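Open the structure in your viewer and keep the selection tool at hand. Each stop below names something to select and then says what is there.

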Amino acid sequence: MRSTWTNPAGRHLATAGYDGQVLLWDPTTSRPRHVLEGDGSAMWSVAVSRDGTSLVAVTMDGAAHLWDIGTAVEVCRLRVDGHLSACSFNPYGHRVVLGGSAGLHACEISPDAVDDR
């Protein structure tokens with residue numbers, strides 16, 4: 001099973017699945033552009049930022065992975081107590097919202113965010 005998300009401009013299509021990978025697809029060729037590896041846990045949900053520069057995916061074990069789409073590099077990993085099953089970007093700011101059994105978490109994304117991988 002894979003969770004799918006396309007950004008509004010149609011430039012990015014991302015899928016996340018139980019195999020622990022996020023695939024970034026090229027919508028024009030229908031082929032994967034990048035394979036993003038998390039920590040091996042099943043990816044439950046994925047979202048691409050409105051500007052198409054960032055991607056977030058969450059796992060059932062409470063991890064949120066943030067990648068830079070241009071470089072396909074994981075830039076930050078956040079952990080919460082409890083399961084995460086949903087994620088989204090605030091369309092007008094630098095925040096990501098994570099949701100699951102532990103409630104909702106709004107996280108500020110900034111260049112000086114701490115990387116806790």
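Predicted model: local features only at pLDDT ≥ 70, side-chain atom pairs only at ≥ 80, totals over all residues.

Residues are numbered from 1 along each chain as its sequence is written, and side-chain values use heavy atoms, with hydrogens and water left out.

**Stop 1**

Select residues 43-48, which are strand S5, and 73-79, which are strand S8. Strands here are DSSP runs (E, at least two residues), numbered from the N terminus. Two strands pair if DSSP finds at least two bridges between them. The order across this sheet is S5-S6-S7-S8, and the pairing is antiparallel. From one strand to the next, the twist averages 20 degrees; axes are lines fitted to C-alpha atoms, and angles run from 0 to 180 degrees between N-to-C directions.

Now select S6 (54-59) and S7 (63-68). The two run antiparallel and are joined by 5 bridges. Which residue in S7 is the bridge partner of Leu-55? The partner is Trp-67.

**Stop 2**

Next, show S9 (84-89) and S11 (103-108), the edge strands of another open sheet. Its 3 strands follow the order S9-S10-S11 with antiparallel pairing. Select S10 (residues 95-100) as well: S9 and S10 pair over 5 bridges. Cys-87 stands opposite Leu-98 in S10.

**Stop 1**

In soluble globular proteins, nonpolar side chains tend to be buried together.

Centre the view on Val-56. Not counting residues up to four places away in sequence, Val-56 touches several residues, among them Val-46, Leu-66, Phe-89 and Val-96.

**Stop 2: Asp-61**

Go to the loop between S6 and S7 and select Asp-61. Is Asp-61 buried or partly exposed? Asp-61 is partly exposed, with a relative accessible area of 40% (buried is under 20%, exposed over 50%, partly exposed in between, with a 1.4 Å probe and protein chains only).

Leaving aside neighbours within four places in sequence, Asp-61 is in contact (heavy atoms within 4.5 Å) with Asp-39, Ser-41, Arg-79 and Gly-82. Its side chain makes polar contacts with the side chains of Ser-41, at 2.9 Å, and Thr-59, at 2.3 Å. A polar contact is a pair of N or O atoms within 3.5 Å; within protein, one must be able to donate a hydrogen and the other to accept it, and residues adjacent in sequence count only if both atoms are side-chain atoms.

**Stop 5**

Finally, select Cys-76 and Cys-107. Their sulfurs are 8.3 Å apart, and with a disulfide defined as a pair of cysteine sulfur atoms within 2.5 Å, the count comes to 0 disulfides. Cys-76 is buried, with a relative accessible area of 9%; Cys-107 is also buried, at 19%.

Methods
Helix = DSSP H or I, 4+ residues; strand = E, 2+ residues; numbered from the N terminus.
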